[in-house]
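Hi everyone, thanks for coming. Let me put the sequence and the structure up, and then we'll walk through a few spots together.

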Amino acid sequence: MSDAQKQTSTGGSRYRYVVLAMLILVYTLNFLDRQILGILAKPIKEEFGLTDGQFGLMSGLAFALLYTTLAIPIAWLADRFSRVWIMAAALTLWSGFTALCGFAGGFSQLFLARMGVGIGEAGGVAPAYSMIADYFPKSQRARALAAYAFGIPLGTAAGALVGGLLAVHFGWRTAFIVVGIIGVALAPVFRFVVRDPRRGGADMAAGDTTTVQAPAAPLGEVVGVLAKKPSFWLLSFGAASSSVCGYGVALWLPSFFMRSLGLTLRETAWYYSGIAFFGGLLGIWLGGAVADRLGAKSKAGYPLTPAVAFLISVPCFLLAMNSGSLVGGMGGSAALALAFAIFLIPTGLNLAWLGPITAAVQHLAPAPMRTTASALFLLINNLLGIAVGTYYFGLVSDLLKPTFGAESLRWSIYTGMGFYLVAALLFFLASRRLAKDWVD
């Protein structure tokens, strides 16, 4: 195949990075709209009189119900029609509902508005995964998908900082409205700049034309292919276990900083955004880079990379939460600075799975099935991770409050660390099966 043909099939070596940048920007807004609730928990709970459990239910289940279930039919459409149009429409929808959250008059209205956000975001991730796989060759996919995952720490940091500062100066409702309007304005720009790549184009450029031209497969056929592969289930439930803790911690850590470390809303906005930004970016990139290097020698390197990361992160996270004892029990700036430095380590390690695991999932099905396969993976990951994670920490905090009082959230987070250990075990088991299930 000529260089011109290769560029046609993959979109050109330079343009693919323009597309990746746009996808990262959209994913940043995805997580900004999704995670902004964490920094706004205190003013929302105070205005509506919510318990931790109620807030966790609204933050997780309201979003996850339609987000996870609609992702499958939307992915089915994305395997057949323009992924760019689908993502642009999804961005408009979830951003519009985010803005509507600012007009909620009570718990039920905010619950419904968050359901609307979930409807929109159902079309925002699986199509992006398959587009990246069609723009980047196999040797670069873990890094490309890791770069795409930068949207998670960027969005989390932006949600904490922008949402927190807007809430301090103008109220929590304004925070929702402003970030929603930004997303609606970006949607037409995304549609204008991004071109839908040829399905399987990166594989075709590498000389593999065996499955590129095949039509999109029915949902039942995709399910049948994945159901026979143990590594798919191990990777999916491993990711889900990590997401239970990941989403739960992302939502509740700002509240922990305010309750247990005594930070104000403004201080928490700066403090948590810094942890999410620096720790998240470094961890995601290293996870993708290490997995690409190890995966070139053995497919087991993809799940083993995050498995080891989780085993290291758990004690680091517990250490960070108790950093005050490391400086002789003193509070103040010394303990906060030490906690910030230590929190960077588990924050990065806990996100290191994103590039390696999403890259591996792309290779469990042929090119025409990738979007649907990604959606099925995300269904398991997010249904458990979002719906269970955010509610779990809030519920356990309520249950432990009679015993631990204001520190109940701290102990709730302690119990959640076990989900990372479960994820490490499942990824280790997946490493022993992945090579057999791999599709080149």
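**A helix pair and two residues**

Let's start with helix 5 and helix 10, whose crossing is left-handed, meaning that the near helix is turned anticlockwise from the far one by less than a right angle. Before going on: this is a predicted model, where local features need pLDDT of at least 70, side-chain atom pairs count only at pLDDT 80 or more, and totals for chains, interfaces and linings use all residues. Residues are numbered from 1 along each chain as its sequence is written, and side-chain values use heavy atoms, without hydrogens and water.

Helix 5 (residues 83–101) and helix 10 (residues 172–193) have axes 7 Å apart, at an angle of about 165°. So helix 5 is roughly antiparallel to helix 10, a label for angles over 145 degrees. Axes here are lines fitted to C-alpha atoms over the stretch in contact, with angles from 0 to 180 degrees between N-to-C directions. Helices themselves are DSSP runs (H or I, at least four residues), numbered from the N terminus.

Next, S236, which sits in helix 13 (residues 230–260). Is S236 buried or exposed? S236 is buried, at 0% relative accessible area; buried means under 20%, with a 1.4 Å probe and protein chains only. A polar atom of its side chain lies 2.7 Å from the backbone oxygen of F232. Beyond four places in sequence, S236 touches F377, I380 and N381, with contact meaning heavy atoms within 4.5 Å.

Last stop: P153 in helix 9 (residues 151–170), buried as well with 1%. The C-alpha atoms of P153 and G279 are 8.0 Å apart, though 126 residues separate them along the chain.

How values were computed: Buried means under 20% relative accessible area, exposed over 50%, partly exposed in between (1.4 Å probe, protein chains only). A polar contact is a pair of N or O atoms within 3.5 Å; within protein, one must be able to donate a hydrogen and the other to accept it, and residues adjacent in sequence count only if both atoms are side-chain atoms. Angles under 35 degrees count as roughly parallel, over 145 as roughly antiparallel, 65 to 115 as roughly perpendicular and the rest as oblique.
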